[in-house]
Amino acid sequence: MTGPKASVLSGEPSGAQTLMVIPTYNEVSNIPELVRRIFEAVQNINILVVDDHSPDGTADLVEKLAGTYPNVGLLRRGGERGLGRAVTAGILYGLEHGFEVIGTMDADLSHDPAYLPSMLALVRNNDVVIGSRYVRDGGTVNWSIRRILLSWLANRFAAALLQIPAHDVTSGYRLYRRQALEWIPMTKIKSSGYSFLGELLYRAYRRGAHIVEYPIVFHDRTLGVSKLHHREIYVGALNLLRLRFSMLRA
């Protein structure tokens with residue numbers, strides 16, 4: 001494992017104190033462009049790619065990129081794959097290495113790094129910043145009406161169920177201040193896939209995290225293969241129901 005370390009810490013997080021966690025599986029065609037665009041947006045930010053043993057050589061390419069970009073790190077994961085497990089590993093790395101802000105974003109170029117400076121400005125005074133498709137000026141590109149409606153309904157359901165004041169509960173484009181994460185028992189989170197994102201947000205909010213949303217336009221991938229299937233949305237809904245009622249009994 002190779003990875004960046006945080007710079008001198010202060011009360012006002014900067015790019016040098018920020019770690020962007022990027023989970024990958026077969027993203028060799030997208031990762032070089034994403035890394036380039038992230039550093040164009042925020043020069044001194046840190047990146048940790050968490051790769052789930054991609055057979056297409058994503059991890060090997062990231063190691064080569066680290067020779068050009070010193071702030072790029074790689075965490076190779078073995079065992080069972082999954083978005084939740086990969087993000088958990090990246091967040092734990094960020095906490096252990098002293099980063100004041102830990103962010104997440106997709107590797108498929110659907111999350112535009114150009115939004116990062118504005119999101120970083122917001123996280124100075126908020127605990128969680130969500131890059132949101134479902135607030136004013138947000139949206140999606142190259143999605144069918146059916147997919148947009150299904151995603152919107154899933155987010156409305158999740159927000160109402162978990163009583164979270166957010167419109168885009170399943171967005172993977174986020175920034176967290178470390179105090180919103182360090183008390184969460186990360187290894188005990190049971191959800192996987194995109195329901196993991198809902199559970200993480202729910203646990204942060206229950207502990208008093210202040211959440212804000214920043215409008216983003218989500219661009220559907222043009223290279224590689226999507227890992228999101230409709231079945232995952234329904235399974236995710238069941239996972240969130242389990243979470244809600246288990247927390248009520250706690």
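Reply: Helices here are DSSP runs (H or I) of at least four residues, numbered from the N terminus. The model is predicted.

Begin with one pair of side chains. R36 and E40 both belong to helix 1. They are four residues apart, which is about one turn of the helix. Their side chains meet in a salt bridge, with N to O at 2.4 Å. How open are these two residues? R36 has a relative accessible area of 32%, so R36 is partly exposed. E40 has 55%, and because exposed means over 50%, E40 counts as exposed. The pair is also part of a network of salt bridges, in which E33, R36 and E40 are linked.

Next comes R37. The side chain of R37 meets that of D112 in a salt bridge of 3.3 Å, N to O. R37 lies in helix 1, whereas D112 is in the loop between strand 4 and helix 4 (116–123), so this pair ties together parts that are 75 residues apart in sequence. With a relative accessible area of 22%, R37 is partly exposed. In the whole structure, a search finds ten salt bridges. Another one joins E182 and R178, whose closest N and O atoms are 3.3 Å apart. E182 is partly exposed at 45% relative accessibility, while R178 is buried at 15%.

Which elements cover the buried residues of helix 2? Helix 2 itself spans residues 58–68, and its buried residues are T58, A59, V62 and L65. These four cover an arc of only 110° around the axis, so they sit on the same side of helix 2. On the face turned away from that buried side, helix 2 carries the exposed residues K64 and G67.

Strand 1, named above as part of the cover, leads on to strand 4. Strand 1 (residues 18–24) runs parallel to strand 4, and four bridges join the two. Within this pairing, M20 stands opposite G103. Strand 4 is also joined by four bridges to strand 7 (residues 174–177), and these two run antiparallel. There I102 stands opposite Y176. How do the side chains of strand 4 (residues 101–104) point? V101 and G103 point one way, and I102 and T104 point the other way. Residues on both sides of the strand are buried.

For contrast, consider part of the surface. L149, W152 and L153 form a nonpolar patch there, with about 280 Å² of accessible area together. L153 is placed in helix 5 (residues 145–162). Its relative accessible area of 44% makes L153 partly exposed.

Definitions and conventions:
Residues are numbered from 1 along each chain as its sequence is written. This is a predicted model: local features need pLDDT of at least 70, side-chain atom pairs count only at pLDDT 80 or more; totals for chains, interfaces and linings use all residues. Side-chain values use heavy atoms; hydrogens and water are left out. Patches are made of residues with over 30% relative accessible area and no salt bridge: like charges are joined within 9 Å, nonpolar side chains (Val, Leu, Ile, Met, Phe, Trp, Tyr) within 5 Å. Accessible areas come from the Shrake-Rupley method with a 1.4 Å probe; for residues, only the protein chains shown count as cover. A salt bridge is a side-chain nitrogen of Lys or Arg within 4 Å of a carboxyl oxygen of Asp or Glu. Buried means under 20% relative accessible area, exposed over 50%, partly exposed in between (1.4 Å probe, protein chains only). Two strands pair if DSSP finds at least two bridges between them. The arc is that of the directions from the helix axis to the C-beta atoms.
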